[in-house]
There are 2 protein chains.
Amino acid sequence: MIVRIIDLYVREQDQEAFKAASVANREGSILEPGVLRFDVLQVDTEPGRFVLFEVYRNEQAAADHKQTAHYQAWREAVEPMMAKPRVGTACTVVAPRDPEQWRS
Amino acid sequence: MIVRIIDLYVREQDQEAFKAASVANREGSILEPGVLRFDVLQVDTEPGRFVLFEVYRNEQAAADHKQTAHYQAWREAVEPMMAKPRVGTACTVVAPRDPEQWRS
């Protein structure tokens with residue numbers, strides 16, 4: 001498995017629209033066979049900051065995700081909402097090692 | 001649900017010991033009734049940086065976790081391994097909203 005933690009910084013007036021677009025993206029993403037988790041979070045102390053916690057079976061699954069219509073629609077919708085560039089953090093899983101323990 | 005993303009910075013010589021201590025902490029933590037997830041990750045571009053992704057049913061569950069023997073043993077074991085102070089990020093869940101979709 002591979003994990004991508006994406007921090008996104010959203011303009012105040014766009015936060016509700018960003019949530020709606022990201023929930024729609026999640027709904028499509030969790031149906032992809034290579035997507036194990038796709039969690040959408042909002043940081044308590046910094047409400048304009050959101051975190052996407054994405055877990056893929058492998059690198060190919062992460063690449064396939066970027067080709068989907070739901071990802072591309074999300075990307076286009078949220079691009080003008082950004083207050084500053086997103087920060088992506090790629091991680092390796094230490095635990096749990098069983099992919100079934102990651103399923104949403 | 002509440003999410004705690006904890007970034008920890010571990011001295012190079014302590015990385016394997018940190019992983020072992022954190023896996024042991026996870027094994028105890030996921031048996032707590034209020035713990036929905038407890039994932040241990042290592043950042044690819046910065047191997048001394050680890051992320052604990054912790055999901056609790058509520059604030060009480062997060063407080064209860066800190067009282068457990070496995071948490072206290074972990075905390076004591078890893079304290080001398082730190083290269084710099086940890087950074088905790090408290091998040092609210094946007095999606096999924098069903099606690100059962102968070103179970104490890």
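## Strand pairing and chain contact in a predicted two-chain model

Strand 2 (residues 35-43) of chain A and strand 4 of chain B run antiparallel and are joined by four bridges. Strands pair here if DSSP finds at least two bridges between them. Helices (H or I, at least four residues) and strands (E, at least two) are DSSP runs, numbered from the N terminus. This is a predicted model, in which local features need pLDDT of at least 70, side-chain atom pairs count only at pLDDT 80 or more, and totals for chains, interfaces and linings use all residues. Residues are numbered from 1 along each chain as its sequence is written, and chains are lettered from A and ligands numbered from 1 in the order in which they are written.

Strand 4 of chain B also pairs with strand 1 of chain B, in the antiparallel sense, over eight bridges. The table gives bridge partners in strand 4 of chain B.

| Residue | Partner in strand 4 of chain B |
|---|---|
| A:Leu41 | B:Val93 |
| B:Val10 | B:Met82 |

How many residues does each chain bring to the contact? Chain B gives 24 residues and chain A gives 24 residues, where two residues are in contact if their C-beta atoms, placed from the backbone, lie within 7 Å. On the side of chain B that touches chain A, two or more residues come from each of strand 1 (2-10), helix 1 (15-29), strand 2 (35-43), strand 3 (49-56) and strand 4 (82-95) of chain B. Strand 4 of chain B provides the largest share of that side, seven residues. By class, that side of chain B has 14 nonpolar, seven polar and three charged residues. Ala, Val, Leu, Ile, Met, Phe, Trp, Tyr, Cys and Pro count as nonpolar, Asp, Glu, Lys and Arg as charged, and the others, Gly among them, as polar.

The same surface serves both copies, as 100% of the contact residues of chain B recur in chain A.

Within chain B, the axes of helix 1 and helix 3 (residues 69-78) come within 9 Å and cross at roughly 170°. Axes are lines fitted to C-alpha atoms, for helices over the stretch in contact, with angles from 0 to 180 degrees between N-to-C directions. Helix 1 and helix 3 of chain B are therefore roughly antiparallel to each other (over 145 degrees). Among the residues that make this contact are B:Phe18 of helix 1 and B:Trp74 of helix 3.

Notes
Parallel < 35°, antiparallel > 145°, perpendicular 65-115°, else oblique.
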